Amino acid sequence: MINDPRFSPAGVLAPKSKADFAFIMHSLSWLATDGTAAIVCFPGIMYRGGAERKIRKYLIDNNYIDCVIQLPSNLFYGTSIATCIMVLKKSKADNKVLFMDASKEFVKVTNSNKLTEENIRHIYNWWHDRKDVQYICQLVDASAIAEEEYNLSVSSYVEQEDTREKIDIKVLNQQIRNIVAREQVLRDEIDRIIADIEEGGDHE
(Lines give C-alpha, C1' and ligand atoms only; values in the text may rest on other atoms or scores of the structure.)
Protein backbone atom coordinates (compact mmCIF):
# COMPACT_ATOMS: atom_id res chain seq x y z
CA MET A 1 0.00 0.00 0.00
CA ILE A 2 3.04 2.27 -0.03
CA ASN A 3 2.04 3.24 -3.60
CA ASP A 4 -1.47 4.18 -2.49
CA PRO A 5 -1.80 7.93 -3.19
CA ARG A 6 -3.31 8.43 0.26
CA PHE A 7 -0.19 7.14 2.02
CA SER A 8 2.71 7.48 -0.44
CA PRO A 9 3.40 11.20 0.17
CA ALA A 10 4.76 10.45 3.66
CA GLY A 11 7.08 7.78 2.22
CA VAL A 12 6.19 5.30 4.95
CA LEU A 13 3.15 3.37 6.15
CA ALA A 14 1.65 3.61 9.63
CA PRO A 15 2.28 0.46 11.72
CA LYS A 16 -0.41 -2.16 11.10
CA SER A 17 -1.18 -2.56 14.81
CA LYS A 18 -1.18 1.22 15.43
CA ALA A 19 -2.98 2.58 12.41
CA ASP A 20 -4.06 6.03 13.64
CA PHE A 21 -1.85 7.73 11.07
CA ALA A 22 -3.41 5.68 8.29
CA PHE A 23 -6.77 7.28 9.17
CA ILE A 24 -5.08 10.68 9.40
CA MET A 25 -3.39 10.35 5.99
CA HIS A 26 -6.65 9.04 4.49
CA SER A 27 -8.55 12.05 5.86
CA LEU A 28 -5.86 14.45 4.65
CA SER A 29 -6.02 13.00 1.12
CA TRP A 30 -9.75 13.75 0.93
CA LEU A 31 -9.56 17.15 2.63
CA ALA A 32 -10.60 20.16 0.54
CA THR A 33 -8.03 22.92 0.10
CA ASP A 34 -10.04 25.14 2.43
CA GLY A 35 -11.34 22.30 4.61
CA THR A 36 -10.69 21.30 8.21
CA ALA A 37 -10.49 17.78 9.68
CA ALA A 38 -10.58 16.93 13.39
CA ILE A 39 -9.55 13.38 14.27
CA VAL A 40 -9.58 11.69 17.69
CA CYS A 41 -6.21 9.98 18.24
CA PHE A 42 -4.43 7.72 20.70
CA PRO A 43 -1.82 9.89 22.50
CA GLY A 44 1.03 7.47 21.77
CA ILE A 45 1.14 8.50 18.11
CA MET A 46 2.22 11.99 19.16
CA TYR A 47 5.61 10.91 20.49
CA ARG A 48 6.52 7.39 19.33
CA GLY A 49 9.47 6.95 16.98
CA GLY A 50 9.87 4.93 13.80
CA ALA A 51 7.30 5.27 11.01
CA GLU A 52 5.01 7.42 13.16
CA ARG A 53 7.75 10.00 13.67
CA LYS A 54 8.38 10.09 9.91
CA ILE A 55 4.69 10.74 9.24
CA ARG A 56 4.64 13.50 11.89
CA LYS A 57 7.67 15.03 10.15
CA TYR A 58 5.85 14.95 6.81
CA LEU A 59 2.75 16.58 8.30
CA ILE A 60 4.71 19.32 10.09
CA ASP A 61 7.14 20.03 7.23
CA ASN A 62 4.18 20.43 4.87
CA ASN A 63 2.28 22.58 7.39
CA TYR A 64 -0.84 20.39 7.60
CA ILE A 65 -1.27 20.24 11.39
CA ASP A 66 -3.31 23.14 12.71
CA CYS A 67 -3.84 22.11 16.33
CA VAL A 68 -3.34 19.27 18.82
CA ILE A 69 -5.86 19.16 21.68
CA GLN A 70 -5.37 17.09 24.83
CA LEU A 71 -8.78 15.85 26.00
CA PRO A 72 -9.77 14.70 29.51
CA SER A 73 -9.50 11.04 30.44
CA ASN A 74 -12.48 8.69 30.69
CA LEU A 75 -14.57 10.42 28.02
CA PHE A 76 -15.28 7.48 25.75
CA TYR A 77 -17.09 4.20 26.33
CA GLY A 78 -14.74 1.25 26.67
CA THR A 79 -11.56 3.15 27.49
CA SER A 80 -10.45 5.47 30.29
CA ILE A 81 -7.41 6.76 28.42
CA ALA A 82 -7.01 10.50 27.79
CA THR A 83 -7.23 10.89 24.02
CA CYS A 84 -6.22 13.77 21.72
CA ILE A 85 -7.71 15.57 18.75
CA MET A 86 -5.50 16.39 15.77
CA VAL A 87 -6.85 19.21 13.60
CA LEU A 88 -5.68 19.24 9.98
CA LYS A 89 -5.75 22.06 7.42
CA LYS A 90 -4.23 22.40 3.97
CA SER A 91 -4.32 26.21 3.78
CA LYS A 92 -3.01 27.57 7.08
CA ALA A 93 -2.28 31.27 7.47
CA ASP A 94 0.88 30.60 9.50
CA ASN A 95 3.51 27.91 9.95
CA LYS A 96 2.66 27.20 13.58
CA VAL A 97 0.81 24.53 15.57
CA LEU A 98 -1.51 25.36 18.44
CA PHE A 99 -1.10 22.98 21.37
CA MET A 100 -4.05 22.99 23.77
CA ASP A 101 -4.43 21.31 27.16
CA ALA A 102 -8.19 20.84 27.58
CA SER A 103 -7.77 18.00 30.08
CA LYS A 104 -9.56 19.95 32.82
CA GLU A 105 -12.57 20.81 30.63
CA PHE A 106 -15.13 18.27 31.86
CA VAL A 107 -17.78 17.48 34.43
CA LYS A 108 -17.95 14.23 36.36
CA VAL A 109 -20.96 12.05 35.50
CA THR A 110 -21.17 8.85 37.60
CA ASN A 111 -18.06 6.87 36.62
CA SER A 112 -17.15 8.84 33.50
CA ASN A 113 -16.35 12.37 32.39
CA LYS A 114 -18.39 14.48 30.01
CA LEU A 115 -17.81 17.59 27.88
CA THR A 116 -20.59 20.09 28.48
CA GLU A 117 -21.68 22.73 25.98
CA GLU A 118 -19.65 25.22 28.01
CA ASN A 119 -16.55 23.00 27.90
CA ILE A 120 -16.91 22.61 24.13
CA ARG A 121 -17.33 26.38 23.72
CA HIS A 122 -14.14 27.01 25.70
CA ILE A 123 -12.21 24.57 23.51
CA TYR A 124 -13.64 26.03 20.31
CA ASN A 125 -12.88 29.61 21.35
CA TRP A 126 -9.28 28.77 22.24
CA TRP A 127 -8.86 27.03 18.89
CA HIS A 128 -10.52 29.89 17.01
CA ASP A 129 -8.54 32.66 18.77
CA ARG A 130 -5.24 30.81 18.19
CA LYS A 131 -3.38 32.65 20.95
CA ASP A 132 -1.16 31.71 23.88
CA VAL A 133 -3.14 31.18 27.08
CA GLN A 134 -1.12 30.36 30.21
CA TYR A 135 -1.43 26.69 31.23
CA ILE A 136 -3.86 26.04 28.33
CA CYS A 137 -2.59 27.06 24.87
CA GLN A 138 0.79 27.53 23.26
CA LEU A 139 1.32 28.51 19.61
CA VAL A 140 4.57 26.86 18.49
CA ASP A 141 6.65 27.43 15.35
CA ALA A 142 7.20 24.39 13.13
CA SER A 143 10.97 24.93 13.48
CA ALA A 144 10.69 24.52 17.27
CA ILE A 145 8.73 21.29 16.80
CA ALA A 146 11.45 20.01 14.46
CA GLU A 147 14.01 20.74 17.18
CA GLU A 148 11.91 18.55 19.51
CA GLU A 149 12.21 15.62 17.08
CA TYR A 150 8.64 16.23 15.85
CA ASN A 151 7.18 15.36 19.25
CA LEU A 152 3.55 16.53 19.24
CA SER A 153 2.66 15.80 22.87
CA VAL A 154 0.75 18.74 24.34
CA SER A 155 2.56 18.40 27.67
CA SER A 156 5.88 19.12 25.92
CA TYR A 157 4.73 22.62 24.96
CA VAL A 158 2.04 23.74 27.41
CA GLU A 159 3.33 24.54 30.90
CA GLN A 160 1.49 22.71 33.66
CA GLU A 161 0.07 24.80 36.47
CA ASP A 162 1.61 23.99 39.84
CA THR A 163 -1.43 23.41 42.04
CA ARG A 164 0.60 22.31 45.05
CA GLU A 165 0.08 24.41 48.17
CA LYS A 166 2.77 27.04 48.55
CA ILE A 167 4.36 26.94 52.00
CA ASP A 168 5.95 29.95 53.70
CA ILE A 169 8.86 28.39 55.60
CA LYS A 170 9.03 31.34 58.05
CA VAL A 171 5.37 30.93 58.97
CA LEU A 172 5.82 27.16 59.24
CA ASN A 173 8.82 27.56 61.58
CA GLN A 174 6.87 29.98 63.78
CA GLN A 175 3.97 27.52 63.94
CA ILE A 176 6.39 24.79 65.03
CA ARG A 177 7.87 27.07 67.71
CA ASN A 178 4.36 27.86 68.97
CA ILE A 179 3.51 24.14 69.11
CA VAL A 180 6.72 23.34 71.01
CA ALA A 181 6.09 26.21 73.45
CA ARG A 182 2.49 25.09 73.99
CA GLU A 183 3.68 21.52 74.51
CA GLN A 184 6.06 22.74 77.24
CA VAL A 185 3.24 24.66 78.96
CA LEU A 186 1.10 21.51 78.95
CA ARG A 187 3.97 19.43 80.32
CA ASP A 188 4.49 21.95 83.14
CA GLU A 189 0.78 21.85 83.96
CA ILE A 190 0.77 18.05 83.97
CA ASP A 191 3.86 18.02 86.23
CA ARG A 192 2.07 20.38 88.69
CA ILE A 193 -1.06 18.23 88.70
CA ILE A 194 0.98 15.10 89.37
CA ALA A 195 2.92 16.90 92.13
CA ASP A 196 -0.38 18.01 93.75
CA ILE A 197 -1.73 14.45 93.57
CA GLU A 198 1.43 13.03 95.04
CA GLU A 199 1.45 15.68 97.78
CA GLY A 200 -2.18 14.96 98.58
CA GLY A 201 -1.35 11.26 98.82
CA ASP A 202 1.42 11.96 101.34
CA HIS A 203 -1.09 13.73 103.65
CA GLU A 204 -3.51 10.76 103.74
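**Notebook: salt bridges and a surface patch**

I began with Asp-61, which forms a salt bridge with Lys-57, their closest N and O atoms being 2.8 Å apart. I note that the model is predicted. Both residues lie in helix 2, four residues apart, or about one turn of the helix.

How many salt bridges does the count come to? I find eight.

I turned next to Asp-4 and Arg-6, whose side chains meet in a salt bridge at 2.8 Å, N to O. Asp-4 has a relative accessible area of 18%, under the 20% limit, so I list Asp-4 as buried. Arg-6, at 25%, counts as partly exposed.

I then examined Glu-149 and Arg-53, whose side chains meet in a salt bridge at 3.0 Å, N to O. Glu-149 lies in the loop between helix 4 (142-147) and helix 5, and Arg-53 lies in helix 2 (residues 51-61), so this pair ties together parts that are 96 residues apart in sequence.

Lastly, I looked up a nonpolar patch on the surface, formed by Ile-167, Ile-169, Leu-172, Ile-176 and Val-180. Together these residues have about 460 Å² of accessible area. I placed Ile-169 in helix 5 (residues 169-203). Its relative accessible area is 52%, over the 50% limit, so I list Ile-169 as exposed.

Key
Residues are numbered from 1 along each chain as its sequence is written. This is a predicted model: local features need pLDDT of at least 70, side-chain atom pairs count only at pLDDT 80 or more; totals for chains, interfaces and linings use all residues. Side-chain values use heavy atoms; hydrogens and water are left out. Patches are made of residues with over 30% relative accessible area and no salt bridge: like charges are joined within 9 Å, nonpolar side chains (Val, Leu, Ile, Met, Phe, Trp, Tyr) within 5 Å. Accessible areas come from the Shrake-Rupley method with a 1.4 Å probe; for residues, only the protein chains shown count as cover. A salt bridge is a side-chain nitrogen of Lys or Arg within 4 Å of a carboxyl oxygen of Asp or Glu. Helices (H or I, at least four residues) and strands (E, at least two) are DSSP runs, numbered from the N terminus. Buried means under 20% relative accessible area, exposed over 50%, partly exposed in between (1.4 Å probe, protein chains only).
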